[in-house]
Amino acid sequence: GNALNFQKVFGILFPACTGIMAGANMSGDLMNPNKAIPQGTIIATVVTYFVYVGLCVVLGFTTEKDALALDYAIISKVAFSKVIIIIGIIAATLSSALTSLIGGSRILQALAKDKLIPFLSICAKGFGKNDEPLLAVVFTWALIQCVLFVGDINTIAPLVTMFFVISYAFTNMACLALTMTHAPNFRPNFRYFSWHTALL
C-alpha cells in the first residue's frame, strides 16, 4: 500500500531531533556558553535517544503490528492517560516552535548585521538591553506562516529536514576550515573536538 521508504521516514522524523542546535542558536543568552552548549547538547541527545528507543521497544512489545503501522494516534490509545499525552504533545509543539522561531530569528539578525543578505538589513536592529531581534522574529514568523499554507505536514517536514541537514553540514565545514587554517579566534573548549570529528 502506502509504505514509506527510509528517505521519507527520515524526512518526517528528523525535525523532531533538531533541538540539538537550540543552545547554539541562543548562545548569547547563556551565562557560560562554552561549557553549557557542549554539555547540554550531549545530555539532551543521550536522554532523547533513550526515550525514543525505549518508547519504540515498549510499543513494539505491547502493540499489534497493524495498529503501529496504520494508527497515528496509537500512543494516546494505549497510554495510561490520554490527557497526559495531549498535554505532552501541546508542550512539545510549543517548545519546538518557539525554539525554532527565536533561534532562527537570532541567526537572521546575525546574518543581517554581517550584511550577508542586503535586503534583510532591517532585521539587524535589536531592541532593549539584550538586543532582542524583534524585527527578525516578525519576519521569521511571516515566513513560517507562508510555508504553513502548504497544508500537509508530511510535505513540509522533508523540506525542514533538508534545511537543517544543510545548516549542520555548513556548521561542521566551518569548524573544519577554522581548525585546518589555525584561525586564532577559533578556540573550541570541547575536549573531544578535532578536525576528524568535524569532517566526520
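Predicted model: local features only at pLDDT ≥ 70, side-chain atom pairs only at ≥ 80, totals over all residues.
I started with the order of elements: from the N terminus on, this protein runs α-α-α-α-α-α-α-α-α. That is nine helices and zero strands, where helices (H or I, at least four residues) and strands (E, at least two) are DSSP runs numbered from the N terminus.

Residues are numbered from 1 along each chain as its sequence is written, and side-chain values use heavy atoms, leaving out hydrogens and water.

Next I looked up the overall dimensions. The C-alpha trace spans about 55 × 40 × 35 Å along its principal axes.

Then I checked burial. Of the 200 residues, 16% are buried (under 20% relative accessible area; exposed is over 50%, partly exposed in between, with a 1.4 Å probe and protein chains only).

I also looked at contacts (heavy atoms within 4.5 Å). Of those between residues at least 6 apart in sequence, 46% join residues at least 24 apart.

Is Thr140 buried or exposed? I find Thr140 counted as buried because its relative accessibility is 13%. A polar atom of the Thr140 side chain lies 2.7 Å from the backbone oxygen of Ala136. Setting aside neighbours within four places in sequence, I list Leu101, Gly104, Ser105 and Leu108 as the contacts of Thr140.

Technical notes: Polar contact = N/O pair within 3.5 Å; in protein donor to acceptor, adjacent residues only side chain to side chain.
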